Amino acid sequence: MLKPQANSTRDVVSLDGIWNFALASSPDIEADAPWSKLIPPKLQVPVPASYNDIFADEKIRSHVGWVYYQRQVTVPRRWSPEDQRYFLRFDAATHRGRVYVNEKLVADHAGGYTPFQANITDIIKPGERFRLTVAVSNELSWETIPPGKIQTLANGKRKQNYQHDFFNYSGLARSVYLCSKPAVSISDITVVTDILESGAGKVQYKVETSQPVGDDKVKISVLDEEGLTVAQANGTKDELTINSAHLWQPGAAYLYQLRVEILSDSNKDEVLDTYELPFGIRTISVEGNQFLINGKPFYFTGFGKHEDSPIRGKGFDPAYMIHDFHLMRWMGANSFRTAHYPYAEEVLDYADRHGIVVINETPAVGINLGIIAGVFGLKAPPTFAPDACNEKTQAAHDQAIRELVARDKNHPSVVMWTVTNEPASAEPGAREYLEPLVSLTRELDPTRPVCFANMGFATFEKDLVTDLFDVICLNRYYGWYSQTGDLEEAEQVLEKDLLGWQDKYGKPMIMTEYGAEAVAGLHAVCDVPWSEEYQGKFLEMFHRVFDRVENVVGEHVWNFADFQTTSSITRVDGNKKGVFTRDRKPKGSVQVLKARWTAKQAKDVLPRHPASHPKSETIRTVQMKFIKTMNMARLPYPDVKGAPLNISKLLAHSPATVNHWSKIAGAHFKDLELPSKNRELVILLSTAKFRSTYEWTHHSTVSAKEGVTDAQREVIAQAGRQKGYFSAQGKLESLAELFTPREKTLLLFIEAVVDGPEVADELWTKAKTEFSDREVVEMITLQVGFPVEVPKPEC
């Protein structure tokens, strides 16, 4: 289902805002018949938002059953039913939504996190005002995903029970729209990309229309980020090639636009409908024990999250969303999992735009009756049974997968589907339940890997389903729920567990959940659970094990921020496993993660294979001279007088070498004619191109003191991932506000030397007009002398 889009042929009217609100007086919605009357404005709620925490009323917060939203809506007079169709679109209604236009039911949708719509063209005329009533139910049963069970207490009160550990927020938590599109319209688009050996991008597309349309009447254009057309075609299905394609990369997103136009039969210049879909060119694959993005190994760092914030509950909030992403970026996180349901599509749009990697999950959480029973030492009833997880549960799960893939299939940020979280995968019936759903997911999208998050009770000896999946995702809490307070024992148990999975399956492994709860402000010297210090030590213990287990390709901490749950003696005002408080104040463990992930990020800034950047024999010879330094990092520091730093300590094994090295380094920093900021730009770009982690990390700090901004460093880091980055058409023009004309010439010149190494006559002349001969020589010697940590090339 395509997201609503306002353009020359389509209109979108937001229905967000304040709606009248009421609780159902009976579980029987037909008896209440809220659509038949006006709901008074005695209670009003904002949309989008969960309604539970809006009011200071426990009856509303803990209500089980239907609630009613109502407002007046007017269809724009300019809309014409002859050549347009108009719809009500709901981004979500948690967990079931019934929509009434005046007294007519126009939609009934189950599933609380995916969109649905209702065609009202034949019901309401342009310019007509109508009463829109939306009934939303928060009830969960074994016929819903997630599942649950309603209990009627002795006092007649209804209580919702469920197995998942987050609050059952409900309502219209995402946006509502009134939209129009032409009678002959684009109904769906699918884009699949690949990368050819030549570096060109292959783009396969498929367009579905509301009515049959001839291929000569469907025009396809691909636009780059500068708005230039880079490929064209006709027809509802074809394959395009984009030469010298810009790739969508983690941390360095590039988005093309696929513009689809339906042309009139009578007038080829008349566009009946148009839609623009952003997409990125990238590949995803699993090979051996590696997870590859664009053919390169990717290591996941980040979080399991929740759509959860004070007052609005699961209500979408762009301010919280952007702030969360900036906190993640500040920490060096590159990815997250949409635990435990599909997030608002705006979240994925932002991830697409900013190169954030997403593991996308269905709402299938709580398919395990053994978790709660196990925690309290009780005998668990069977999960897969006629009165528990059954064929109707599976049907709801099937629908959830279909709707998730249909909505999110074109997002380049989405790299893997999670079919379910912590199912009873060691119980009889697990394989029969999950295998058809895994097959369905692969059928709907054969381009992405499929996983599920394994719960600790289903050990590698007992689990019945892991062979069905591409990546092993584990949720583990050694040192918290078990081995509590004993991190030494927890470390041993964790390593044994991971090695068991590695030896049995040989697949890449992601720790999709690990964490300990911490109460902000609680401090302790020793290993005291709930203290901030213990949370940090817990994470460090897991990291030590990850670094010793070869197949671990990712780590997602549980959780990004504290979140709300049902009340219990183990959950006081929610779950405290967040490294941020619910209002996004950092706990001490944030610094543990920031130090680890930013160090990993520095190592991953640049291409892993410098040999993929052709160079002349001269440049490769110079490269070889400095490769030895990387291997010298394994030597102990010798006992020398004075306090030489880092590389100098290693070179001190050869006094003659260190003397000459010191003179060269001194000249580079004391005796250059080239201004210090220009010097740092040369060093940063050179180390970016050559993947020199040591120098990049060191000069990130030095360059900041010389006036290089974070934004400039980020662009230079992106240039290190892509040959000819600055010379690409329109690139430097788009960076006009970031670099001066002299700096742009410098970057073009150094990029040409490293990527070439021949410099075109025109660029050479330009460099000579802006820099003296001495400065040109200094630029060249700087870029040769500083990439000292190049991985071993193939000789």
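Which side chain does K587 join in a polar contact of 2.9 Å? The partner is the side chain of D562, where a polar contact is a pair of N or O atoms within 3.5 Å, one able to donate a hydrogen and the other to accept it within protein, with residues adjacent in sequence counting only if both atoms are side-chain atoms.

Before going on, some housekeeping: this is a predicted model, so local features need pLDDT of at least 70 and side-chain atom pairs count only at pLDDT 80 or more, while totals for chains, interfaces and linings use all residues. Residues are numbered from 1 along each chain as its sequence is written, and side-chain values use heavy atoms, with hydrogens and water left out.

Back to K587, which sits in the loop between β30 (552-558) and α10 (589-603); helices (H or I, at least four residues) and strands (E, at least two) are DSSP runs, numbered from the N terminus. K587 counts as buried because its relative accessibility is 4%; buried means under 20% relative accessible area, exposed over 50%, and partly exposed in between, using a 1.4 Å probe and protein chains only. Leaving aside residues up to four places away in sequence, K587 touches several others, including A518, E532, D562 and F580. Contact here means heavy atoms within 4.5 Å.

Now step back to the whole chain. It has 20 helices and 30 strands, and buried residues make up 56% of its 795 residues. Among contacts with a separation of 6 or more, 72% are between residues 24 or more positions apart. E226 lies in the loop between β15 (218-223) and β16 (229-234), is partly exposed at 31% relative accessible area, and touches Y254, Q729, G730 and S734, not counting residues up to four places away in sequence.

Seven of its seven residues are buried, so β12 is largely enclosed by the rest of the structure. Strands pair if DSSP finds at least two bridges between them. β12 runs antiparallel to β1 (residues 11-14), with four bridges, and S14 stands opposite Y177. It also pairs in the antiparallel sense with β5 (residues 84-90), over seven bridges; there F90 stands opposite V176.

The loop between β5 and β6 (96-101) holds H95, and a cis peptide bond joins T94 and H95, with omega about 10°. Another cis bond runs from I145 to P146, with omega near 0°. Most residues other than glycine have a negative phi, and most peptide bonds are trans. A33 has a positive phi of about 45° although it is not a glycine, and is buried at 14% relative accessible area.
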